[in-house]
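This report describes parts of one structure for a reader who has not seen it before. The sequence and the model come next.

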Amino acid sequence: MKLNNKIQLFKVRNTPGISKKIEKVFRSGEITEGKYSRDFEDKLCNYFQNNNCVLVNSATSALTLAYRLIGLKKNDEVLVTPLTCMATNQPLNNIGVKLKFVDIDKNTGNISLNDLKKKISAKTRAISFVHWAGNPVDLIELKKITKKYKIPIIEDAAHSFGATLRNKKIGTFNNFTIFSFQAIKHITTGDGGMLICPNSIIANRARKLRWFGLNRNFKGNKWKQDIKESGYKFHMNNISSVIGIEQLKNIDKILSIHRKNATYYNNFISNKKIQLLKFNKEASYWIFSLLVDNKKKFISYLNKKNISCDEVHIRNDKYSVFKKFYNPNLKNMNYFEKHMVNIPVGWWLTKKEIKQITKVINKY
Ligand SMILES: Cc1ncc(COP(=O)(O)O)c(C=O)c1O
């Protein structure tokens, strides 16, 4: 549970009996893509009640694939959020896309739909954003804004496995949606990810692109299959997949603990120096973000009390690789940059620890 007696911000989730399952895959001799990857993909399709789930080896691969499927080209303009992992924006940068950073919402840290309304234009080729901390962006309102432009939407749901919006799972709003199964996510496969496509034609193209442009279900002489579109090696292997199958089994319980812990914070953090964000109750709460008076002081205070606390992601437009797109006028982003921190909220925390964290914060 604890490293150096400290309450961790993240923890890798283990599942009972996993070593035996992994050994079985090894012994089968089929350790790359195969039976278990197909099974995991089927189970994910079932979880999302959506057959357009495409399993890959990371969320970064899924994002790369989504941008490719949309057909983004050099100098295309894409509206993005600065507050996310660089993985949302780097694959765009690699294409040579012009990134237009949109401000964030001061209540959530999500892309600001008000600023997006001002920045969207006939030049916009796509919109890509994260559901920050697992707190869903208002996709219904977003759809109203984008309707007349018919622009592809890419939801980075790396923080949001199991989050819903008006009882509908994130991943089922007919956009491109990306999930991560990296080490410290709700579901881990070591490394791994998934892309949910808006329809079956795109999903089938994605499945080919993830394996060099080849159809893995090709019936007939496989050496006669032509490659019509150059692809990638983005598949998930059987070892990661068998871990994923086990992880998925108790995801509902895991999510309910994250939500219960967050509800406790929302009800009992009462320090006037702390501003709580507006979380939708349907969020998956990968992290719990707070706005504090003095970020450095607060982090150091919690660390002294053996509680991990961190920024988690740095605003992307401050990295040198994105410098030419930097926008100094993103008022809310500028504020979050100075004041936002994240505290532990996940399944590994005991009731006692959640109470202890709350008490420590209220005494700050
Ligand atoms: C918002 C977001 N997008 C994408 C990624 C990249 O995920 P992966 O490591 O699976 O490529 C992360 C990883 O932390 C993330 O937080």
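## Terms and basis

Two residues are in contact when heavy atoms of theirs lie within 4.5 Å. The model is predicted, with local features needing pLDDT of at least 70 and side-chain atom pairs counting only at pLDDT 80 or more, while totals for chains, interfaces and linings use all residues. Residues are numbered from 1 along each chain as its sequence is written, and side-chain values use heavy atoms, without hydrogens and water.

## Leu142

Leu142 belongs to helix α6 (residues 139–146); helices here are DSSP runs of H or I with at least four residues, strands are E runs of at least two, and both are numbered from the N terminus. With a relative accessibility of 1%, Leu142 counts as buried, a term for under 20% relative accessible area (1.4 Å probe, protein chains only), with exposed being over 50% and partly exposed in between.

Apart from neighbours within four places in sequence, Leu142 contacts Leu113, Leu116, Phe129 and Ile153. The C-alpha atoms of Leu142 and Leu116 are 9.0 Å apart, although 26 residues separate them along the chain.

## Helix α7

In helix α7 (residues 200–209), the buried residues are Ala203, Ala206, Arg207 and Leu209. They span an arc of only 160° around the axis, so they are on the same side of α7; the arc is taken from the directions from the helix axis to the C-beta atoms. Their cover includes α2 (35–48), β1 (53–56), α3 and β9 (193–196).
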